[in-house]
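Subject: Structure handover

Hello,

Here is the structure you were expecting. My notes follow it.

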Amino acid sequence: MRITDIAVTPVAFRDPPLLNSVGVHEPWALRTIVEVHTDEGISGLGETYGDIGHLDRVRGAAPGLVGLDVHDLNGLRARVADALGGVAGSDRHGLTGPLTAESTVDRVFASFEVATWDIRGKALGRPVSDLLGGAVRDTVPYSAYLFYKWAGHPGDEPDAFGEALDPAGIVAQAEALIDAHGFGSIKLKGGVLEPRQEVEAVLALREAFPDHPLRLDPNAAWTPATSLEVAAALDGVVEYLEDPAPGIDGMAEVAAGAPMPLATNMCVIAFEHLAPAVARGAVQVVLSDHHYWGGLSRSKELAAICRTFGIGLSMHSNSHLGISLAAMTHLAAATPNLNYACDTHYPWNAADDVITTPFTFVDGAVRVPTAPGLGVELDRDALARAAEAYRACGLVQRDDTGYMQQHEPSYERKRPRW
Ligand SMILES: O=C([O-])[C@@H](O)[C@@H](O)[C@H](O)[C@@H](O)C(=O)[O-]
Ligand SMILES: [Mg+2]
């Protein structure tokens, strides 16, 4: 079954003003939808980042894959590597760690790799989770992903989610998300306010939701010393602390004194980071993400490495649509040692999805699709609208810092900030 053509479509969808350690989300989030077509008339879908550097790399690699057998994942990755020529990309927005030449290949390869699983599943009449080894769960739990946020984008009416800039606002946001979707665990995106205020918000969540596992993720906004103070204040309160301090060295220093596990999607984001992180005892949980770990099969390799070294596995998310959620859900279903609820931004963005039947959460979980392949279908009208939104929105690169500076000119990106 050979690849005959690949369509690469950048899209934009509405995003609320969510705050993080580098600024605030712009009104539009960007993604790229990949459709791989074959000579047997079966097509597969992938979804990946939308930033222009990455989009250009995906567009540059796609023509070289025509003619390849969809089963030849090694050949596919080698062709992507050839097309990229050993150049390392950059996330520029600063919310993931440093990219290497190898991890840049994995990011580009992943978008095509997922589409080939969709194709193989459709050809066999089996869901992707079956091809990945079989689902060990029928539903995949996700966590309520809370953000400090403005009431609305400057100049716009307040959005449906409203303002959340203090503990009461954060608790109200958690109540709204849990009422709507039934989430059984909670993650707060931190790195926005003074650490003391974020600790208060987590303690308020603990009081309001005594039984929900909690997590706090400041995206490396704190020094190791500050991280240790927060860790002491949240002893027994959070199930893990995510990326408190920058780098493997910073995380190792915190891990040596923190009472809870440390998780990361910033200092271990490529296979070459695993050995030094393990040697230093820097992280106890890795947040996997097939979009940058090289797709579904390499994410299973990551899972095996984590299992070998007794490292926990959770799942990271950025702003995304339903094709990504389908792939995340199949992977999570077929990964026995994924032992935490996964992250997802989906509730913030689902209204603009480009699939015919957007996902819903029941008791905080997504039912693993049982239809062949990823089990999702493109809504061509919605895709056309999202592609038009991309052309019209004027954004080609996520820039949370720049958007923040338009509204707060003295704002600076600093890491660590506290
Ligand atoms: O969208 C955001 O603001 C998040 O901070 C995201 O970009 C991070 O990559 C992510 O959610 C995380 O867990 O670090
Ligand atoms: Mg994180």
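In which segment does Pro 416 lie? Pro 416 is in the segment after helix 14 (400–407); helices (H or I, at least four residues) and strands (E, at least two) are DSSP runs, numbered from the N terminus. The peptide bond from Arg 415 to Pro 416 is cis, with omega near -5 degrees.

This is a predicted model, in which local features need pLDDT of at least 70 and side-chain atom pairs count only at pLDDT 80 or more, while totals for chains, interfaces and linings use all residues. Residues are numbered from 1 along each chain as its sequence is written, chains are lettered from A and ligands numbered from 1 in the order in which they are written.

Confidence: the chain has a mean pLDDT (the predictor's confidence in each residue, from 0 to 100) of 97, with 100% of its residues at 70 or more. The ipTM is 0.94 and the pTM 0.97.

Ligand: 13 residues surround ligand 1, the closest being Asn 20, Leu 95, Asp 217, Asn 265 and Asn 318. A residue is near the ligand if its C-beta atom, placed from the backbone, lies within 6 Å of it. By class the shell has 2 nonpolar, 8 polar and 3 charged residues; Ala, Val, Leu, Ile, Met, Phe, Trp, Tyr, Cys and Pro count as nonpolar, Asp, Glu, Lys and Arg as charged, and the others, Gly among them, as polar.

Helix 11: residues 322–333 make up this helix of 12 residues. Why is helix 11 described as largely enclosed by the rest of the structure? Because 12 of its 12 residues are buried, where buried means 20 or more other C-beta atoms within 10 Å of the residue's own, exposed means 12 or fewer, and partly exposed is in between, with C-beta atoms placed from the backbone.

Ala 386: this residue sits in helix 13 (residues 380–393). Ala 386 is buried because 23 other C-beta atoms lie within 10 Å. Leaving aside neighbours within four places in sequence, Ala 386 is in contact (C-beta atoms, placed from the backbone, within 7 Å) with Val 11, Ala 12, Phe 13, Asp 352 and Val 354.

Positive phi: Asn 219, not a glycine, has a phi of about 50 degrees. Asn 219 lies in the loop between strand 9 (214–217) and helix 7, and is buried, with 22 other C-beta atoms within 10 Å. Asp 363 has a positive phi near 50 degrees, but counts as exposed, with 10 C-beta neighbours inside 10 Å.

Regards

Key
Two residues are in contact if their C-beta atoms, placed from the backbone, lie within 7 Å. The expected span of a helix is 1.5 Å times one less than its number of residues.
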